[in-house]
Amino acid sequence: MTEPIRMVDISGKKVSFRKATAVGTIRMSPETLKAIKEGSLPKGSPLPAAQVASFLAIKRTAEMIPLCHPIPITASHVSFEADEGKSQLRVRVEVTTQARTGAEMEALFGVAVALLTIYDMGKGQDPAMVITDVRLEEKTGGRSGQWRHPDALREPVG
């Protein structure tokens, strides 16, 4: 028989500064990327909407991920980087906290919701958009200290 799921007990951990950064990409047609950059999609400009949606997701992560502890968010930052050559948009979310557990899930959830918001606002023009490569890029703090995704080591920091 399988064991029941349970939330990890973090009561013995020390409160410390923790930061997590996650990234993800949405590929699209060049015309859609141009419309996003110009804010000329039928639903309007998706980047401000995606930024707000990401902030909301970050704050509500524990409500959506069943075993995720609620944590106090001390700061969050959402940024976008267009790559015309690859016809894609990259979302980066950074979350910081002073807590007994990290902010990895909040950063990942923030990226996912930002990407889904962009898809929602652009799907009328380009339903073939592809969300890809959502990953934790880096985390600091806690018992394990600093960690960086191996793929991130090969990419320019920025």
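## A tour of salt bridges, core and strands

Start by selecting Arg60 and Glu63: these two form a salt bridge, with their closest N and O atoms 2.8 Å apart. A salt bridge here is a side-chain nitrogen of Lys or Arg within 4 Å of a carboxyl oxygen of Asp or Glu. Arg60 is partly exposed at 46% relative accessibility, while Glu63 is exposed at 54%. For these words, buried means under 20% relative accessible area, exposed over 50%, and partly exposed in between (1.4 Å probe, protein chains only).

Before you move on, a note on what is on screen. This is a predicted model, in which local features need pLDDT of at least 70 and side-chain atom pairs count only at pLDDT 80 or more, while totals for chains, interfaces and linings use all residues. Residues are numbered from 1 along each chain as its sequence is written, and side-chain values use heavy atoms, with hydrogens and water left out.

The salt bridge count comes to ten. Next, select Lys37 and Glu84, whose side chains meet in a salt bridge at 2.1 Å, N to O. This pair links distant parts of the chain, 47 residues apart: Lys37 sits in helix H1 (residues 30-38), and Glu84 in the loop between strand S2 (73-83) and strand S3 (88-99). Helices (H or I, at least four residues) and strands (E, at least two) are DSSP runs, numbered from the N terminus. Glu84 is partly exposed, at 49%.

Then go to Asp120 and Lys123, where the closest N and O atoms of the salt bridge are 2.5 Å apart. Both ends can be coloured by accessibility: Asp120 is partly exposed at 31%, and Lys123 is partly exposed at 35%.

**Into the core**

Now select Ile26, Met28, Leu89, Val91, Val93 and Ile118, the residues with the most contacts inside the largest nonpolar core, which has 25 residues. Such a core is a set of buried Ala, Val, Leu, Ile, Met, Phe, Trp, Tyr and Cys residues joined through side-chain atoms within 4.5 Å. Strand S1 (16-27), H1, helix H2 (46-59), S3 and helix H4 (104-122) each give two or more residues to this core.

What surrounds Leu89? Leaving aside neighbours within four places in sequence, its contacts (heavy atoms within 4.5 Å) include Ile26, Leu33, Phe80 and Ile118.

**Along the strands**

Finish on S1, which pairs with S3 in the antiparallel sense over twelve bridges; two strands pair if DSSP finds at least two bridges between them. Phe17 has Gln98 in S3 as its bridge partner. S1 also pairs with strand S4 (residues 130-140), antiparallel over eight bridges, and there Val23 stands opposite Arg135. Arg135 is also part of a salt-bridge network with Arg90, Arg92 and Glu137.
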